[in-house]
Amino acid sequence: MDIIKIAALGLAGTLLGIILKGQKKEYELFISMGACLCIFYFIVTKLEIVLSVINQIQNYVKIDTGYVGILLKMIGITYVSEFSANLCKDAGYQAIAGQIEMFGKLSILAISMPVLLVLLETIGEFLK
């Protein structure tokens, strides 16, 4: 029931931010960032579960460890770019958030190129 903890933390941060918005605008941002960092910590703990399942899958099926590493990098890039872009949007810097999101997408594309090349080689071998 971690979702209840996360929802309560998010709502508490939001309500505290709304209360402080009228008095000290700069404190609202700190409250928001603090709540986001706490929630991000819970996300990281859930990623440990995903990593253990990926390792179990890797033991059952012979998968090249390089591909698993690429998958993990892609997951990491996704979470970090989304998290930082949302913080920038919350602070009112949508342009910077957009650039972070664009860089994250291009980084994922660049990292996935070796997998795409292997896939194209495999398709080419089947067509011969």
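In this predicted model, helices α2 and α3 are roughly antiparallel to each other (an angle over 145 degrees; under 35 would be roughly parallel, 65 to 115 roughly perpendicular and the rest oblique). Helix α2 covers residues 25-60, helix α3 covers residues 65-90, and they pack at an angle of about 165° with their axes 12 Å apart. Axes here are lines fitted to C-alpha atoms, for helices over the stretch in contact, and angles run from 0 to 180 degrees between N-to-C directions. Helices are DSSP runs (H or I, at least four residues), numbered from the N terminus.

- Ala, Val, Leu, Ile, Met, Phe, Trp, Tyr, Cys and Pro count as nonpolar, Asp, Glu, Lys and Arg as charged, and the others, Gly among them, as polar.

**A closer look at α2**
- S32, A35, I54 and Q58 of α2 are buried (under 20% relative accessible area, with exposed over 50% and partly exposed in between; 1.4 Å probe, protein chains only).
- The buried residues of α2 pack against α1 (2-21) and α3.

**How α1 meets α2**
- The axes of α1 and α2 come within 7 Å and cross at roughly 170°, which makes α1 roughly antiparallel to α2.
- Residues making this contact include I6, L9 and G13 of α1 and I31, A35 and F42 of α2.
- The contact of α1 with α2 divides into 10 nonpolar, 3 polar and 5 charged residues.

**How α3 meets α4**
- Helix α4 spans residues 94-127, and its axis comes within 8 Å of that of α3, crossing at roughly 170°.
- Helices α3 and α4 are therefore roughly antiparallel to each other.
- In the contact of α3 with α4 there are 14 nonpolar, 7 polar and 3 charged residues.

- K73 lies in helix α3 and is exposed, with a relative accessible area of 52%.
- K73 and I108 are 35 residues apart in sequence and 8.2 Å apart in space, C-alpha to C-alpha.

**Reading notes**
- Residues are numbered from 1 along each chain as its sequence is written, and side-chain values use heavy atoms, leaving out hydrogens and water.
- Local features need pLDDT of at least 70 and side-chain atom pairs count only at pLDDT 80 or more, while totals for chains, interfaces and linings use all residues.

Key: Helix = DSSP H or I, 4+ residues; strand = E, 2+ residues; numbered from the N terminus. Contact = heavy atoms within 4.5 Å.
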